[in-house]
Amino acid sequence: MTSTGSGIDSSTSAYADFNGLSVTLRDGVLSVTLNRPESLNSLTEEMLRGVADTIEQAAADPRVKVVRLGGAGRGFSSGAAISEEDQASGANSAPRTIIDEANRAVRAIAALPHPVVAVVQGPAAGVGASLALACDVVLACDAAFFMLAFTKIGLMPDGGASALVAAAVGRIRAMRMALLAERISAVDALQWGLVTAVYPAEGFDYEVDKILARLAAGPSVALAKTKDAINAATLTELEAAFDRERRGQSVLLRSRDFAEGATAFQQRRAPNFTD
(Lines give C-alpha, C1' and ligand atoms only; values in the text may rest on other atoms or scores of the structure.)
Protein backbone atom coordinates (compact mmCIF):
# COMPACT_ATOMS: atom_id res chain seq x y z
CA MET A 1 0.00 0.00 0.00
CA THR A 2 1.09 3.53 -0.65
CA SER A 3 1.28 5.78 2.41
CA THR A 4 1.41 9.52 1.96
CA GLY A 5 0.36 10.51 5.48
CA SER A 6 -2.13 13.01 4.09
CA GLY A 7 -4.80 11.23 2.09
CA ILE A 8 -5.22 9.26 -1.11
CA ASP A 9 -2.44 8.62 -3.60
CA SER A 10 -4.25 9.62 -6.78
CA SER A 11 -1.73 7.91 -9.06
CA THR A 12 -2.59 4.45 -7.74
CA SER A 13 -5.99 4.98 -6.08
CA ALA A 14 -4.49 3.28 -3.03
CA TYR A 15 -5.73 3.87 0.48
CA ALA A 16 -3.25 5.94 2.45
CA ASP A 17 -2.41 6.06 6.11
CA PHE A 18 -3.04 9.21 8.13
CA ASN A 19 -1.21 10.22 11.28
CA GLY A 20 -2.63 7.89 13.91
CA LEU A 21 -4.56 5.79 11.38
CA SER A 22 -3.51 2.73 9.38
CA VAL A 23 -5.46 1.51 6.35
CA THR A 24 -5.11 -1.71 4.35
CA LEU A 25 -7.24 -3.51 1.78
CA ARG A 26 -7.04 -7.27 1.35
CA ASP A 27 -9.49 -9.88 0.03
CA GLY A 28 -12.37 -7.42 0.03
CA VAL A 29 -11.78 -6.35 3.65
CA LEU A 30 -10.84 -2.71 4.17
CA SER A 31 -9.14 -2.53 7.58
CA VAL A 32 -9.16 0.88 9.24
CA THR A 33 -7.08 0.81 12.42
CA LEU A 34 -6.93 3.59 15.00
CA ASN A 35 -3.20 3.56 15.66
CA ARG A 36 -2.17 5.54 18.73
CA PRO A 37 -1.86 2.66 21.19
CA GLU A 38 0.23 4.70 23.63
CA SER A 39 -2.90 6.78 24.37
CA LEU A 40 -5.43 3.95 23.95
CA ASN A 41 -6.07 5.37 20.48
CA SER A 42 -7.36 8.74 21.65
CA LEU A 43 -8.90 10.45 18.65
CA THR A 44 -7.50 13.54 16.97
CA GLU A 45 -9.13 15.69 14.34
CA GLU A 46 -6.87 14.16 11.67
CA MET A 47 -7.73 10.61 12.69
CA LEU A 48 -11.47 11.27 12.52
CA ARG A 49 -11.06 13.04 9.20
CA GLY A 50 -9.08 10.04 7.98
CA VAL A 51 -11.81 7.63 9.02
CA ALA A 52 -14.42 9.72 7.19
CA ASP A 53 -12.28 10.19 4.07
CA THR A 54 -11.42 6.49 3.88
CA ILE A 55 -14.97 5.25 4.32
CA GLU A 56 -16.36 7.81 1.89
CA GLN A 57 -13.84 6.62 -0.70
CA ALA A 58 -14.76 2.99 0.00
CA ALA A 59 -18.35 3.68 -1.05
CA ALA A 60 -17.20 3.96 -4.66
CA ASP A 61 -14.55 1.23 -4.59
CA PRO A 62 -15.75 -2.08 -6.09
CA ARG A 63 -12.89 -3.92 -4.37
CA VAL A 64 -14.34 -3.23 -0.92
CA LYS A 65 -16.92 -5.69 0.41
CA VAL A 66 -16.71 -5.03 4.15
CA VAL A 67 -14.93 -2.56 6.44
CA ARG A 68 -13.16 -3.56 9.65
CA LEU A 69 -12.83 -0.71 12.15
CA GLY A 70 -10.54 -1.47 15.08
CA GLY A 71 -7.88 -0.13 17.40
CA ALA A 72 -4.22 -1.00 17.83
CA GLY A 73 -2.92 -2.35 21.12
CA ARG A 74 -5.17 -3.08 24.08
CA GLY A 75 -8.08 -0.75 23.35
CA PHE A 76 -10.49 0.45 20.69
CA SER A 77 -10.42 4.14 21.64
CA SER A 78 -10.34 6.16 24.85
CA GLY A 79 -12.21 9.05 23.20
CA ALA A 80 -11.14 12.53 22.13
CA ALA A 81 -7.51 13.55 22.64
CA ILE A 82 -7.65 15.85 25.68
CA SER A 83 -4.99 14.47 28.04
CA GLU A 84 -1.86 16.32 29.12
CA GLU A 85 0.16 13.97 26.95
CA ASP A 86 -1.99 14.87 23.94
CA GLN A 87 -1.54 18.55 24.63
CA ALA A 88 2.22 18.18 25.03
CA SER A 89 2.49 16.28 21.75
CA GLY A 90 0.25 18.71 19.88
CA ALA A 91 -2.20 15.89 19.13
CA ASN A 92 -5.25 17.63 20.57
CA SER A 93 -7.52 19.73 18.36
CA ALA A 94 -10.27 22.29 18.87
CA PRO A 95 -13.19 20.40 20.48
CA ARG A 96 -15.76 21.81 18.05
CA THR A 97 -13.68 20.64 15.09
CA ILE A 98 -13.40 17.17 16.60
CA ILE A 99 -17.20 17.11 17.00
CA ASP A 100 -17.68 18.01 13.33
CA GLU A 101 -15.20 15.37 12.14
CA ALA A 102 -16.71 12.74 14.46
CA ASN A 103 -20.17 13.46 13.06
CA ARG A 104 -18.82 13.15 9.55
CA ALA A 105 -17.16 9.82 10.35
CA VAL A 106 -20.32 8.41 11.94
CA ARG A 107 -22.40 9.65 9.02
CA ALA A 108 -20.01 7.95 6.58
CA ILE A 109 -20.25 4.65 8.48
CA ALA A 110 -24.05 4.75 8.43
CA ALA A 111 -24.22 5.72 4.75
CA LEU A 112 -21.65 3.24 3.44
CA PRO A 113 -23.33 0.58 1.25
CA HIS A 114 -21.18 -2.14 2.84
CA PRO A 115 -21.24 -3.62 6.34
CA VAL A 116 -18.88 -1.98 8.85
CA VAL A 117 -17.62 -4.24 11.63
CA ALA A 118 -16.32 -2.74 14.87
CA VAL A 119 -13.64 -4.87 16.52
CA VAL A 120 -13.50 -3.91 20.20
CA GLN A 121 -10.84 -5.69 22.24
CA GLY A 122 -10.70 -3.21 25.14
CA PRO A 123 -12.07 0.20 26.15
CA ALA A 124 -14.42 2.07 23.82
CA ALA A 125 -15.07 5.37 25.60
CA GLY A 126 -16.43 8.80 24.75
CA VAL A 127 -16.51 9.50 21.05
CA GLY A 128 -14.65 6.21 20.60
CA ALA A 129 -17.82 4.47 21.80
CA SER A 130 -19.82 6.57 19.33
CA LEU A 131 -17.64 5.32 16.45
CA ALA A 132 -17.88 1.69 17.53
CA LEU A 133 -21.65 1.78 18.05
CA ALA A 134 -22.23 3.43 14.68
CA CYS A 135 -21.02 0.22 13.05
CA ASP A 136 -23.39 -2.43 11.74
CA VAL A 137 -21.76 -5.37 13.52
CA VAL A 138 -20.03 -4.84 16.87
CA LEU A 139 -17.74 -7.67 17.96
CA ALA A 140 -16.32 -7.44 21.47
CA CYS A 141 -13.66 -9.33 23.35
CA ASP A 142 -14.79 -10.39 26.82
CA ALA A 143 -12.31 -7.87 28.28
CA ALA A 144 -13.91 -4.94 26.42
CA PHE A 145 -16.15 -2.29 27.92
CA PHE A 146 -18.16 0.67 26.66
CA MET A 147 -18.46 4.01 28.39
CA LEU A 148 -20.13 7.30 27.56
CA ALA A 149 -17.66 9.21 29.71
CA PHE A 150 -18.71 12.72 28.68
CA THR A 151 -20.43 13.85 31.89
CA LYS A 152 -17.27 12.99 33.85
CA ILE A 153 -15.72 16.13 32.33
CA GLY A 154 -18.84 18.29 32.22
CA LEU A 155 -19.91 17.50 28.66
CA MET A 156 -22.73 15.59 26.95
CA PRO A 157 -22.52 12.64 24.53
CA ASP A 158 -21.72 13.52 20.93
CA GLY A 159 -20.84 11.77 17.70
CA GLY A 160 -24.49 10.79 17.41
CA ALA A 161 -24.30 8.71 20.62
CA SER A 162 -27.60 10.07 21.98
CA ALA A 163 -29.38 8.49 18.99
CA LEU A 164 -27.15 5.44 18.41
CA VAL A 165 -27.29 4.16 21.98
CA ALA A 166 -31.01 4.83 22.48
CA ALA A 167 -31.79 3.04 19.20
CA ALA A 168 -29.89 -0.02 20.42
CA VAL A 169 -30.82 -0.30 24.10
CA GLY A 170 -33.81 1.97 24.75
CA ARG A 171 -34.30 5.17 26.73
CA ILE A 172 -33.68 4.01 30.30
CA ARG A 173 -30.44 2.16 29.58
CA ALA A 174 -29.27 4.99 27.34
CA MET A 175 -29.91 7.42 30.21
CA ARG A 176 -27.96 5.17 32.56
CA MET A 177 -24.97 5.12 30.23
CA ALA A 178 -25.09 8.84 29.47
CA LEU A 179 -25.93 10.29 32.89
CA LEU A 180 -23.98 7.95 35.17
CA ALA A 181 -21.04 7.43 32.77
CA GLU A 182 -20.64 3.85 33.98
CA ARG A 183 -18.48 1.20 32.37
CA ILE A 184 -20.71 -1.30 30.59
CA SER A 185 -18.93 -4.64 30.36
CA ALA A 186 -18.95 -6.64 27.14
CA VAL A 187 -21.21 -9.24 28.80
CA ASP A 188 -23.73 -6.61 29.88
CA ALA A 189 -23.48 -4.91 26.49
CA LEU A 190 -24.42 -8.18 24.81
CA GLN A 191 -27.36 -8.69 27.16
CA TRP A 192 -28.56 -5.15 26.51
CA GLY A 193 -28.32 -5.51 22.72
CA LEU A 194 -25.50 -3.00 22.41
CA VAL A 195 -23.13 -5.43 20.68
CA THR A 196 -23.51 -8.29 18.23
CA ALA A 197 -21.32 -10.93 19.88
CA VAL A 198 -18.71 -11.40 22.62
CA TYR A 199 -15.78 -13.81 22.37
CA PRO A 200 -12.98 -14.91 24.73
CA ALA A 201 -9.67 -13.15 24.17
CA GLU A 202 -7.86 -16.31 23.07
CA GLY A 203 -10.23 -16.91 20.15
CA PHE A 204 -11.24 -13.34 19.39
CA ASP A 205 -9.20 -12.73 16.23
CA TYR A 206 -10.27 -16.06 14.75
CA GLU A 207 -13.96 -15.34 15.31
CA VAL A 208 -13.59 -11.81 13.89
CA ASP A 209 -11.89 -13.14 10.76
CA LYS A 210 -14.68 -15.70 10.25
CA ILE A 211 -17.36 -13.02 10.31
CA LEU A 212 -15.39 -10.68 8.05
CA ALA A 213 -14.88 -13.49 5.52
CA ARG A 214 -18.57 -14.38 5.65
CA LEU A 215 -19.62 -10.80 4.97
CA ALA A 216 -16.99 -10.32 2.24
CA ALA A 217 -18.34 -13.40 0.44
CA GLY A 218 -21.97 -12.37 0.89
CA PRO A 219 -24.40 -10.84 -1.64
CA SER A 220 -23.20 -7.24 -1.72
CA VAL A 221 -26.35 -5.64 -3.09
CA ALA A 222 -28.61 -7.54 -0.71
CA LEU A 223 -26.42 -6.57 2.25
CA ALA A 224 -26.46 -2.92 1.17
CA LYS A 225 -30.26 -2.85 0.79
CA THR A 226 -30.70 -4.58 4.14
CA LYS A 227 -28.39 -2.15 5.95
CA ASP A 228 -30.11 0.84 4.38
CA ALA A 229 -33.59 -0.42 5.33
CA ILE A 230 -32.71 -1.15 8.95
CA ASN A 231 -30.88 2.14 9.42
CA ALA A 232 -33.79 4.02 7.86
CA ALA A 233 -36.16 2.36 10.31
CA THR A 234 -34.05 2.79 13.46
CA LEU A 235 -31.74 5.79 13.04
CA THR A 236 -34.40 8.33 12.15
CA GLU A 237 -33.04 10.76 14.77
CA LEU A 238 -29.34 10.54 13.86
CA GLU A 239 -29.08 13.77 11.85
CA ALA A 240 -31.16 15.65 14.42
CA ALA A 241 -28.94 14.22 17.16
CA PHE A 242 -25.82 15.59 15.46
CA ASP A 243 -27.38 19.05 15.51
CA ARG A 244 -28.68 18.86 19.10
CA GLU A 245 -25.39 17.49 20.40
CA ARG A 246 -23.34 20.12 18.61
CA ARG A 247 -25.49 22.97 19.95
CA GLY A 248 -25.47 21.57 23.46
CA GLN A 249 -21.77 20.81 23.42
CA SER A 250 -20.99 24.33 22.19
CA VAL A 251 -22.61 25.70 25.35
CA LEU A 252 -20.91 23.16 27.62
CA LEU A 253 -17.46 23.75 26.13
CA ARG A 254 -17.66 27.35 27.43
CA SER A 255 -18.76 26.32 30.92
CA ARG A 256 -16.82 26.38 34.18
CA ASP A 257 -17.71 22.74 34.71
CA PHE A 258 -15.97 21.68 31.51
CA ALA A 259 -12.87 23.70 32.39
CA GLU A 260 -12.84 22.01 35.81
CA GLY A 261 -13.60 18.58 34.36
CA ALA A 262 -10.83 18.76 31.78
CA THR A 263 -8.33 19.98 34.38
CA ALA A 264 -9.35 17.25 36.83
CA PHE A 265 -9.01 14.62 34.11
CA GLN A 266 -5.52 15.80 33.25
CA GLN A 267 -4.58 15.89 36.93
CA ARG A 268 -6.16 12.49 37.57
CA ARG A 269 -8.42 13.70 40.37
CA ALA A 270 -12.15 13.96 41.02
CA PRO A 271 -13.72 17.12 39.57
CA ASN A 272 -15.47 19.74 41.70
CA PHE A 273 -18.40 20.84 39.54
CA THR A 274 -20.11 24.12 40.46
CA ASP A 275 -22.46 25.08 37.58
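Here is a short chat about the predicted model shown above.

Me: Hi! Before I set anything up, what is the mean pLDDT of the chain?

Reply: Hello! The chain averages a pLDDT of 91, and 91% of its residues reach 70 or more.

Me: Good to know. Where is the pLDDT below 50?

Reply: One such stretch is residues 1-12, which has 26 contacts in the model beyond near neighbours in sequence. Residues 84-91 are also below 50, and that stretch has 15 contacts counted in the same way.

Me: Thanks. How many helices and strands are in the chain?

Reply: The chain has 11 helices and nine strands. Its radius of gyration is 18 Å, close to the 19 Å that the globule rule gives for 275 residues, so the chain is as compact as a globular protein of that length.

Me: And what box do the C-alpha atoms fill?

Reply: Roughly 55 × 40 × 40 Å, taken along the principal axes.

Me: What share of the residues is buried?

Reply: Buried residues account for 51% of the 275 in the chain. As for contacts, of those between residues at least 6 apart in sequence, 69% join residues at least 24 apart.

Me: Switching to the sheet with β5, β7 and β8: in what order do the strands come?

Reply: The order is β5-β7-β8, in an open sheet with mixed pairing. The edges are β5 (123-125) and β8 (184-185); each has a single partner strand, so one side of each is left without a neighbour in the sheet.

Me: Do tell me about β5 and β7: parallel or antiparallel?

Reply: They run parallel, with three bridges joining β5 to β7, residues 145-147. Within that pair, A124 stands opposite F146 of β7.

Me: Nice. Which helix lies across β5 and β7?

Reply: That is α4, residues 127-134, and it runs at about 105 degrees to β5.

Me: New topic, cysteines. How many disulfides does the count come to?

Reply: The count comes to zero. C135 is in no disulfide, and its nearest cysteine sulfur, that of C141, is 17 Å away.

Me: Last one: are C135 and C141 buried or exposed?

Reply: C135 is buried, with a relative accessible area of 8%. C141 counts as buried too, at 5% relative accessibility.

Note on methods:
Residues numbered from 1 in each chain as written. Predicted model: local features only at pLDDT ≥ 70, side-chain atom pairs only at ≥ 80, totals over all residues. Heavy atoms only, no water. Pairing = 2+ DSSP bridges. Helix = DSSP H or I, 4+ residues; strand = E, 2+ residues; numbered from the N terminus. Contact = heavy atoms within 4.5 Å. Axes fitted to C-alpha atoms, helices over the stretch in contact; angles between N-to-C directions. pLDDT = per-residue confidence, 0-100. Disulfide = S-S within 2.5 Å. Buried < 20%, exposed > 50% of the residue type's maximum accessible area, 1.4 Å probe, protein only. Rg over C-alpha atoms; globule rule 2.2 N^0.38 Å.
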